[in-house]
Amino acid sequence: MNQWKNFSKGFFKENAVFTLLLGMCPTLGVTSSAINGLGMGLATTFVLVMANLVISLIKDVIPEKVRIPAFIVVIATFVTIVEMLMQAYVPALYDSLGLFIPLIVVNCIVLGRAEAFASKNSVGASIVDGLGMGLGFAMALTLLGSVRELLGSGKLFDISIYPEDYGMLVFVLAPGAFIALGYMIAIIDKMKKA
Amino acid sequence: MEYALIIISAIFVNNVVLSQFLGICPFLGVSKKLSTGIGMTGAVTFVMIIATLVTWMVQKLVLEPFNVQFLQTITFILIIAALVQLVEIVLKKVSPPLYQALGVFLPLITTNCAILGVAIMTIQKDFNLMESVVFATATAIGFGLALVLFAGIREQLDLADVPKGMKGTPIALIVAGLLALAFMGFANLA
């Protein structure tokens with residue numbers, strides 16, 4: 001398969017969030033600001049790439065029947081590594097993402113790619129696939145985080161764009177997550193058809 | 001902490017779906033019809049209570065005495081995955097009608113982040129065994145409440161005249177947003 005196509009499908013055509021509706025919990029839960037969305041996206045990308053790498057290496061050794069538990073162990077290992085790394089080097093981000101870091105392990109995107117792609121393809125292709133899917137996810141989260149942060153508090157990546165008093169607080173709170181994502185999916189659907 | 005406070009907080013104030021964003025996949029996935037929504041709620045309640053009970057005991061009796069808390073994520077997810085399988089097998093033998101009702105939803109539950117989320121939260125909040133079980137039950141009720149309300153609205157939505165571009169997922173998400181907004185009214189209750 002063409003490597004570039006393999007990489008770029010995660011951004012638009014098969015974007016996990018906007019078209020496949022996978023990984024909704026972290027998408028809605030952590031995107032109250034752009035930086036949180038980006039951090040979550042990159043953490044997930046790391047887990048995706050490493051899990052795809054390891055699973056494509058050991059795919060021939062795993063018996064068919066226990067492959068799902070085996071995949072989960074591999075994924076959980078890398079999630080634990082990410083958790084410890086973030087706690088050590090970016091404690092502020094670790095605190096604001098909170099519960100959603102261990103929950104990367106149940107993110108359907110990671111297990112989905114392991115099952116659908118890494119368990120059938122070569123190591124190189126699996127890494128490229130993980131990177132594309134992960135960065136596509138990170139892009140979606142950053143986009144949603146930016147929209148919510150800008151509308152809600154008048155900031156973008158913590159840089160003030162307009163006075164906070166004019167912001168609509170609801171976009172930073174829980175309901176705003178659903179509403180903003182609803183409109184974004186509608187807009188992206190429209191763009192795809194056009 | 002008082003039990004009443006835990007219950008009200010978990011069902012209304014910090015509703016697991018609408019304010020914590022856990023279990024969104026089944027919330028959006030199986031809410032097209034009221035009957036499937038109720039079936040899913042039953043399965044989630046069942047697994048959530050058992051899973052919280054087992055993970056709490058493993059945390060207190062195994063992970064903490066041996067000082068290996070960093071294995072929490074791996075241990076918990078494996079316990080939940082094994083437990084779901086076990087519940088499926090036992091249910092099939094013991095109560096075929098219940099298995100008929102919940103069976104199709106059980107495999108989906110392993111990747112339901114609400115289960116793992118609640119298991120981790122009870123540890124973070126430092127609940128004792130009884131409080132953990134109450135918390136898990138109340139969270140499951142909160143999940144059920146949100147899911148059943150949402151499924152009811154979505155059934156009505158089929159009859160509504162929705163703009164073409166908003167049909168399907170976008171309007172469902174906006175309805176969920178409005179529901180979350182309504183639940184914010186409970187904010188100062190507990």
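1. Start with a pair in chain A: A:Lys9 and A:Asp129 are both buried (under 20% relative accessible area with a 1.4 Å probe and protein chains only; exposed is over 50%, partly exposed in between). A:Lys9 forms a salt bridge with A:Asp129, with 2.7 Å between the closest N and O atoms. By salt bridge I mean a side-chain nitrogen of Lys or Arg within 4 Å of a carboxyl oxygen of Asp or Glu. The two partners sit 120 residues apart, A:Lys9 in the loop between helix H1 (3–8) and H2 of chain A and A:Asp129 in helix H7 (residues 123–153) of chain A.

2. Before going on, some ground rules. This is a predicted model, where local features need pLDDT of at least 70 and side-chain atom pairs count only at pLDDT 80 or more, while totals for chains, interfaces and linings use all residues. Residues are numbered from 1 along each chain as its sequence is written, chains are lettered from A and ligands numbered from 1 in the order in which they are written, and side-chain values use heavy atoms, leaving out hydrogens and water.

3. How confident is the predictor? The complex gets an ipTM of 0.84 and a pTM of 0.87. For chain B the mean pLDDT is 86, with 98% of residues at 70 or more; pLDDT is the predictor's confidence in each residue, from 0 to 100. Helices here are DSSP runs (H or I, at least four residues), numbered from the N terminus.

4. Now the interface. Chain A and chain B bury about 2900 Å² between them, 88% of it on carbon and sulfur atoms; that is the accessible area (1.4 Å probe) lost on being put together, summed over both. In chain A, A:Leu99, A:Val106 and A:Phe178 lose the most area to chain B, together 23% of what that side buries. Each chain brings 34 residues to the contact, meaning heavy atoms within 4.5 Å.

5. Helix H2 (24–29), helix H4 (67–89), helix H6 (108–118) and helix H8 (174–193) of chain A each supply at least two residues of the side of chain A that touches chain B. H8(A) gives the most to that side, with 10 residues.

6. Have a look at B:Thr73, in helix H4 (residues 72–94) of chain B. B:Thr73 is buried, at 2% relative accessible area. Its side chain makes a polar contact with the side chain of A:Glu83 at 3.2 Å (N or O atoms within 3.5 Å; within protein, one must be able to donate a hydrogen and the other to accept it, and residues adjacent in sequence count only if both atoms are side-chain atoms). Leaving aside neighbours within four places in sequence, the contacts of B:Thr73 include A:Val79 and A:Pro102.

7. A:Arg67 pairs with A:Glu115 at 2.8 Å between the closest N and O atoms. A:Arg67 is in helix H4 of chain A and A:Glu115 in helix H6 of chain A, 48 residues apart.

Definitions and conventions
Buried area = accessible area lost by both parts, 1.4 Å probe.
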